[in-house]
Amino acid sequence: MRRIKRLERDLASARKWSMKSTRQLHAAVSKDVRAAERRAKQAEDRAVAAEERIEKLQKRARKAEAELAEVRNSATWKAGRVVVGVPGKLKRLGRG
């Protein structure tokens, strides 16, 4: 009879500690999952912000390219190229 009481007491103690360790395990896993979800959300936010920055920079680049094309098609640019190119051409002709 004593042995049965002792085994029942040991079983009750084991169940108590088993439940406690299970709760602790679930709490630790839940904490890890929440931390992983938070890190994933932060990474997603950083990716969205990076995409927005890229889009903004591409827009600026397109605007600058359009402005450059407009300047190169202007008469002033073409006249300037002729004025700058003539002295070099004359210098090369003079050497020959």
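## Fold and overall shape

The chain has two helices and zero strands, both being DSSP runs numbered from the N terminus (helices H or I, at least four residues; strands E, at least two). This is a predicted model: local features need pLDDT of at least 70, side-chain atom pairs count only at pLDDT 80 or more, and totals for chains, interfaces and linings use all residues. Residues are numbered from 1 along each chain as its sequence is written, and side-chain values use heavy atoms, without hydrogens and water.

The C-alpha trace spans about 125 × 30 × 10 Å along its principal axes. The radius of gyration of the chain is 39 Å, whereas a compact globule of 96 residues would have one near 12 Å. That value is taken over C-alpha atoms, and the globule rule is 2.2 Å times the number of residues to the power 0.38.

## Burial

Buried residues make up 1% of the 96 residues. Buried means under 20% relative accessible area, exposed over 50%, partly exposed in between (1.4 Å probe, protein chains only).

## Helix H1

Ala47 sits in helix H1 (residues 2-72). Ala47 is partly exposed, because its relative accessibility is 37%. Its C-alpha atom is separated by 30 Å from that of Glu67, 20 residues apart along the chain.

## Helix H2

Val82 is in helix H2. Val82 counts as exposed, at 52% relative accessibility. Lys89 also belongs to helix H2 (residues 75-95). Lys89 is partly exposed, with a relative accessible area of 48%.
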